[in-house]
Amino acid sequence: MVADYVFEKDKIFACLNLSDPELDVYNRYYDHFRRQLPAPDLVIYLHATPEVLKKRLRKKNAPGENAVNEDYLEAVVQAYEHFFFHYSASDLLIVDTSEIDFVD
């Protein structure tokens, strides 16, 4: 099975966006569902700097993503780095995509 989603990373956004009471409810459901999921054999983390991600968001110009502010984007990048640099549930390959232009 190949997927572009790792269940555990969902918690990154929960921690960044939910209030404490909301996070308590989220964690109860998260723990329930997490126990039911198998660990992946390999996770590939495509890393890029906040500056590169900002340029990509501007270039993509998708509705809803234009409103992402720089502080929030940097908080997401820091949370991803912390999560993936401490990830141990499976093998992990980190690829720095800052110098790779997937579009052009």
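Of the 104 residues of the protein, 24% count as buried, where buried means a relative accessible area under 20%, exposed over 50%, and partly exposed in between, with a 1.4 Å probe and protein chains only. The structure is a predicted model, in which local features need a pLDDT of at least 70 and side-chain atom pairs count only at pLDDT 80 or more, whereas totals for chains, interfaces and linings use all residues. Residues are numbered from 1 along each chain as its sequence is written, and side-chain values use heavy atoms, with hydrogens and water left out. The pLDDT, which is the predictor's confidence in each residue on a scale from 0 to 100, averages 90 over the protein, and 99% of the residues score at least 70.

The protein has four helices and two strands, these being DSSP runs numbered from the N terminus, with H or I over at least four residues for helices and E over at least two for strands. From the N terminus on, the order of the elements is α-α-β-α-α-β. Confidence is lowest in helix H3 (residues 50-60), with a mean of 88, and highest in helix H2 (residues 20-34), at 95. Taken along the principal axes, the C-alpha atoms fill a box of roughly 40 × 35 × 20 Å. The accessible surface comes to about 7800 Å², of which carbon and sulfur atoms account for 56%; these areas come from the Shrake-Rupley method with a 1.4 Å probe, and for residues only the protein chains shown count as cover. Among contacts (heavy atoms within 4.5 Å) between residues at least 6 apart in sequence, 75% join residues at least 24 apart.

As to charge, Lys and Arg count as positive and Asp and Glu as negative, while His and the chain ends are not counted, and the place of a charge is taken as NZ of Lys, CZ of Arg, CG of Asp or CD of Glu. On this basis the mean positions of the 11 positive and 19 negative charges are 3 Å apart.

The two strands, S1 and S2 (residues 91-96), run parallel and are joined by six bridges, where pairing requires that DSSP finds at least two bridges between two strands. In a regular strand the side chains alternate between the two faces of the sheet. Val-43 stands opposite Leu-92 in S2. Further along S2, Val-95 is partly exposed, with a relative accessible area of 25%. With residues up to four places away in sequence left out, Val-95 touches Ile-44, Tyr-45, Leu-46 and His-47; the C-alpha atoms of Val-95 and Leu-46 are 5.0 Å apart in space, although the two residues are 49 apart in sequence.

In the segment after S2 lies Thr-97, which is buried at a relative accessible area of 2%. Apart from its neighbours within four places in sequence, Thr-97 is in contact with Leu-46, His-47, Ala-48, Arg-56 and Phe-102.

The buried residues of helix H3 are Pro-50, Val-52 and Lys-54, and they pack against helix H4 (70-85). Pro-50 has a relative accessible area of 17%, and its contacts, not counting residues up to four places away in sequence, are with Leu-73, Glu-74 and Val-77. Between Pro-50 and Ser-98, which are 48 residues apart in sequence, the C-alpha to C-alpha distance is 9.2 Å. Just after H3, Asn-61 takes a positive phi of about 55°. Within H4, Ala-75 counts as partly exposed at 25% relative accessibility; Ala-75 and Glu-65 are 10 residues apart in sequence and 15 Å apart in space, C-alpha to C-alpha.

Residues up to four places away in sequence not being counted, Lys-11 touches Tyr-26, Asn-27 and Tyr-30. Lys-11 and Phe-83 are 72 residues apart in sequence, and their C-alpha atoms are 9.8 Å apart in space.
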